[in-house]
Amino acid sequence: MTRSTKAIMRLPLLQWLVIEMAAVITLSLLWLFVSRLAGYSAFIGGLIFVIPNAYFAHRMYRYQGARQAPMMVGNMFRAEGVKLALTAVGFAAVFILMEPVHVPALLFTFAVMVVLGGALRFLIQPKRQL
Amino acid sequence: MEIVYIAAAIILGSGALATGIGFALLGGKLLESSARQPEMAPQLQTKTFIMAGLLDAVPMIGVGIAMYLIFVVAG
């Protein structure tokens, strides 16, 4: 067993967060051409994805290594449950508290961020800690 | 108007069921693979993390649409 295969992984959480926030801001600026409300709604839609996803990544990498595998899987389930709940609460809060809201901008930005988030994890993968 | 609530419930329920099955398979395979090859555990965790992100993409959009149905269409 070499040292490199035993080494734990370093999560590029900050890098993902910065790229995701840059994408959210870019999409919001594009929606600003439609209206100010659309830009604001798009930003909120992006945040509804980014915040639960950051929590999921943080929680999933709390435990690492083969000895911690049961804890790792348990945390993965809990993180996913909390992520879905946070997303539902985020949408509910926006639809109840934010009046008026530009629904197409909100849902479009959210959907784009979901696709982008998956692609980002493929493109920027966690590195081995040296 | 009740039909909107039923539609939202079906969306949320189907999404939760599909995510549950997917995560159960994913977690089971992760445990099995980590037990077979412990030295591969960090890499397997990374692959699991990537797959988890893809797995819950569609249910997440479903949650958004269900909330829209409940709070805007029916509300």
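Predicted model: local features only at pLDDT ≥ 70, side-chain atom pairs only at ≥ 80, totals over all residues.
Visitor: Let's start with chain A. How many helices and strands does the secondary structure come to?
Guide: Five helices and two strands. Along the sequence, the pattern runs α-β-α-α-α-α-β.

Visitor: What box do the C-alpha atoms of chain A fill?
Guide: Roughly 60 × 25 × 15 Å, taken along the principal axes.

Visitor: And what percentage of chain A is buried?
Guide: Buried residues are 47% of the 130 in chain A.

Visitor: What about contacts in chain A, at a separation of 6 or more? How many come from residues 24 or more positions apart?
Guide: Those pairs account for 76% of such contacts.

Visitor: Which residues does the cis peptide bond join?
Guide: A:Glu99 and A:Pro100. Omega is about -5° there.

Visitor: Where does A:Pro100 lie?
Guide: In a loop of chain A. That loop runs between α4 (69-97) and α5.

Visitor: Switching to chain B. At what angle do the axes of α1 and α2 cross?
Guide: Roughly 170°. Helix α1 of chain B covers residues 2-36, and α2 covers residues 41-55. Their axes come within 10 Å.

Visitor: So are they roughly parallel or antiparallel?
Guide: Roughly antiparallel. Angles over 145 degrees count that way, so α1(B) and α2(B) qualify.

Visitor: Which residues meet there?
Guide: From α1(B), the contact uses B:Thr19, B:Gly22, B:Phe23, B:Leu26, B:Leu30, B:Ser33 and B:Ser34. From α2(B), the partners are B:Ala41, B:Leu44, B:Gln45, B:Thr48, B:Met51, B:Ala52 and B:Leu55.

Visitor: How many of each class are in that contact?
Guide: Eight are nonpolar and six are polar. The contact of α1(B) with α2(B) has no charged residues.

Visitor: Tell me about B:Ser34. Buried or exposed?
Guide: Buried. The cut-off is under 20% relative accessible area. B:Ser34 has 3% relative accessibility, so it counts as buried.

Visitor: What is B:Ser34 in contact with, leaving aside its neighbours within four places in sequence?
Guide: Residues from both chains. In chain A, the partners are A:Ala66 and A:Ala69. In chain B, they are B:Ala41 and B:Leu44. B:Ser34 itself lies in helix α1 of chain B.

Visitor: On to B:Pro38. Where does that one lie?
Guide: B:Pro38 is in the loop between α1 and α2 of chain B. It is partly exposed, with a relative accessible area of 41%.

Visitor: How many Å apart are B:Pro38 and B:Ile10?
Guide: They are 40 Å apart, C-alpha to C-alpha. In sequence, the two are 28 residues apart.

Visitor: What about B:Met1? Buried or exposed?
Guide: Exposed, with a relative accessible area of 56%. B:Met1 sits in the segment before α1 of chain B.

Visitor: What does B:Met1 touch, not counting residues up to four places away?
Guide: B:Val73 and B:Ala74.

Visitor: How many Å from B:Met1 to B:Arg36?
Guide: 53 Å, C-alpha to C-alpha. They are 35 residues apart in sequence.

Visitor: Which helix of chain B is B:Pro59 found in?
Guide: Helix α3 of chain B. B:Pro59 is buried, with a relative accessible area of 12%.

Visitor: And what does B:Pro59 touch, residues up to four places away not counted?
Guide: B:Gly15 and B:Thr19. B:Thr19 is also one of the α1(B) residues that meet α2(B). The C-alpha atoms of B:Pro59 and B:Thr48 are separated by 17 Å, with the two 11 residues apart along the chain.

Visitor: Cavities next. How many of 30 Å³ or more?
Guide: One. The largest cavity has a volume of about 50 Å³.

Visitor: Which residues line the largest cavity?
Guide: From chain A, the lining has A:Phe49, A:Asn53, A:Lys83, A:Val114, A:Gly117, A:Gly118 and A:Arg121. From chain B, it has B:Gly53, B:Asp56, B:Ala57 and B:Met60.

Visitor: Which helices supply at least two of the lining residues each?
Guide: In chain A, α3 (36-60) and α5 (103-123). In chain B, α3 (57-73). The largest share is four residues, and it comes from α5(A).

Visitor: And the lining by class? How many nonpolar, polar and charged?
Guide: Four nonpolar, four polar and three charged.

Key. Residues numbered from 1 in each chain as written. Chains lettered and ligands numbered in written order. Heavy atoms only, no water. Axes fitted to C-alpha atoms, helices over the stretch in contact; angles between N-to-C directions. Parallel < 35°, antiparallel > 145°, perpendicular 65-115°, else oblique. Contact = heavy atoms within 4.5 Å. Nonpolar A, V, L, I, M, F, W, Y, C, P; charged D, E, K, R; others polar. Buried < 20%, exposed > 50% of the residue type's maximum accessible area, 1.4 Å probe, protein only. 1 Å grid on protein atoms, 1.4 Å probe; cavity = no way out; pocket = protein on both sides within 12 Å on 5 of 7 lines; lining within 4 Å. Points joined across faces, edges and corners; volume = space filled by probe spheres on them.
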